[in-house]
Amino acid sequence: MSETTTPSPALPDIEVSADRVASVDTEPKNTFELRDVNVFYGQMLAVKDVSMAIPHNQITAFIGPSGCGKSTLLRSLNRMNDLIPGARVEGDVLYHGMDMYGPKVDPVQVRTVIGMVFQKPNPFPKSIYDNVAFGPRLQGRKGNLDDVVEEALRGAALWDEVKDRLKDNAYGMSGGQQQRLCIARAIAVQPDVILMDEPCSALDPVSTGRIEDLMAELKKTYTIVIVTHNMQQAARVADRTAFFTVLANDETGSRTGVLVEYDLTSKIFSKPDDERTENYVSGRFG
Amino acid sequence: MSTQVVSPGASSSGAPIRNLEAPGPRIGEKIIKAVLWATATLSILVTTGIVISLLVPSIGFFQTVSIWEFLTGTIWAPAFANPSYGVLPIVVGTLTVVVFAIIIAVPVGLSSAIYLSEYAPTRVRKTIKPILEVLEGLPTVAIGLFAFYVLTPLIRDLTPFLPWTGPFSIGVAGITVGLLIVPLVASVSDDAMRSVPRSLREGAYAMGATKFEVAVKVVVPAAISGIIAAFVLGISRAIGETMVVLLVAGAGNPVLSFDPTKGTQTMTAYIGSTATGDISQGTITYDSIFAVGALLFLMTLAMNVLAMRLVKKYREVYD
């Protein structure tokens, strides 16, 4: 847990291996910087002392056992936690250097810049077209949105499958298509970041593969942070991986998530520094 | 040729082979099924009985008065020496009540439901919701008295520019009925909106929707079938409401008028004020009550059918 004691968070040292030269910028810009972030639900400390930097135009994965706070931390990156009564964030969450919890920051505006895709596909019970046009319409765009809808659906690799049935209800699609529709819907808002909270956990392996391919494409345009239960998925798609675990306090019965190790994905999965990380990624759950 | 069944792992370990047949006839199940069927059928039988009991005297009525005269006549005076059976005045009375009730109950009921479901903190909701449910059950005669002695003078004082005459007003009756059904509309709509999955709201919030946009563009459309059901329940009550209308709009002679400041009768008020002990069976007046009742039944039925069509057309299925 060297990160938690570092006064100013830096990206983990980058060992540029041959297969990563193309995708890892040696001096990447940081989209997010977290400094000593604590997330509370009422009196309960859900995530403790997280400090990390999340680089621009890369895929960063949060992995770890259930209850380790990875989803909670993800939701603090676009202020979705504001919707839960009693939730609060301490420490600094900086987005391109701006304090995301500053007094002038509007959570509604934040979410137009930092979009989110959820665990279970949650299209609106409207047509495919109206789902994608929902965000642009919220932003006050009127009239013909055909171009916007087509572009977003192409961006989510869904256009060819649905171009002839844009007026059909989104609930007639398969689960994998619904999830890509949710990605298209997020893209249509033209965000800078897309947060993904276990986006493939409700999908079959073929649909999962398609979404993973799509993510590799999306990171050219967007910064992606993904929470996943699936370690192989993190290994396949992520540039960097953060491993979290749960600390149980036997006296109070509370369970708090902590960041154990954060590094290049190849390092996390081949020679992690922390024994707990090694036990987890090798399947010996710790 | 016999098929080779491959068992995984170890062979049979000598465990006893267990019986797969039912231990005996399950009579209890059959009895319960019959009782449930009977209760479900009861309501259908009762409805059929009501329709028949309305139709039989109505047929007698329409042997004297033509359906055309009944539906298009503009004077309703069945008890007069020179009787007239044009039902329009009391139909207009009922429609006036319904229109005023909708004007009050739909916006107020829907806004209350949006507040309760989307904005109210849990504690507030848990306080208000039972109060609404109690209000739904208030005796309408008490509400009628309140409306006659408190609401009517208040509305008159607030609108001195209107041509008020006499103590009764069909418009005030409609407003009262509207207030009466607000708790019902609010409570049923709230239930419908609360059952919209949280994930849909989160999806909209994550795209930068405000609380109001989430409520109006996601939750209300997704709950629309339940909300329309709430409106239909409310309007049905407005059509059927008798006591408030008798007290507030009076039971005087119905005159075909669209003036809400005047007192008049509605269809239910006519039935309620005429079906007293001193009406003799077999008279045309007696039969007229049932003809009005049958028309009332048809109007409610038509509205329910219309509502079902609306629900089918605008329904957003989220599962």
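In strand β8(A), V227(A) is the bridge partner of F62(A). Strand β3 (residues 59–63) of chain A and strand β8 (residues 223–227) of chain A run parallel and are joined by 4 bridges. Helices (H or I, at least four residues) and strands (E, at least two) are DSSP runs, numbered from the N terminus, and two strands pair if DSSP finds at least two bridges between them. The model is predicted: local features require pLDDT of at least 70 and side-chain atom pairs count only at pLDDT 80 or more, whereas totals for chains, interfaces and linings use all residues. Residues are numbered from 1 along each chain as its sequence is written, with chains lettered from A and ligands numbered from 1 in the order in which they are written.

In chain A, 10 strands form an open sheet of mixed pairing, in the order β5-β4-β1-β2-β10-β9-β3-β8-β7-β6. Its edge strands, each pairing on one side only, are β5 (98–99) and β6 (114–117) of chain A. Helix α7 (residues 175–188) of chain A packs on the sheet and touches β6 and β7 (193–197) of chain A, contact being defined by C-beta atoms, placed from the backbone, within 7 Å.

Chain B contains 12 helices and 2 strands, in the sequence pattern α-α-β-β-α-α-α-α-α-α-α-α-α-α. Chain B is more spread out than a compact globule, because its radius of gyration is 28 Å, well over the 20 Å that the globule rule gives for 319 residues; the radius is taken over C-alpha atoms, and the rule is 2.2 Å times the number of residues to the power 0.38. The C-alpha trace of chain B spans about 100 × 55 × 35 Å along its principal axes. Among contacts in chain B between residues at least 6 apart in sequence, 76% join residues at least 24 apart.

How values were computed:
Two residues are in contact if their C-beta atoms, placed from the backbone, lie within 7 Å. Axes are lines fitted to C-alpha atoms, for helices over the stretch in contact, and angles run from 0 to 180 degrees between N-to-C directions.
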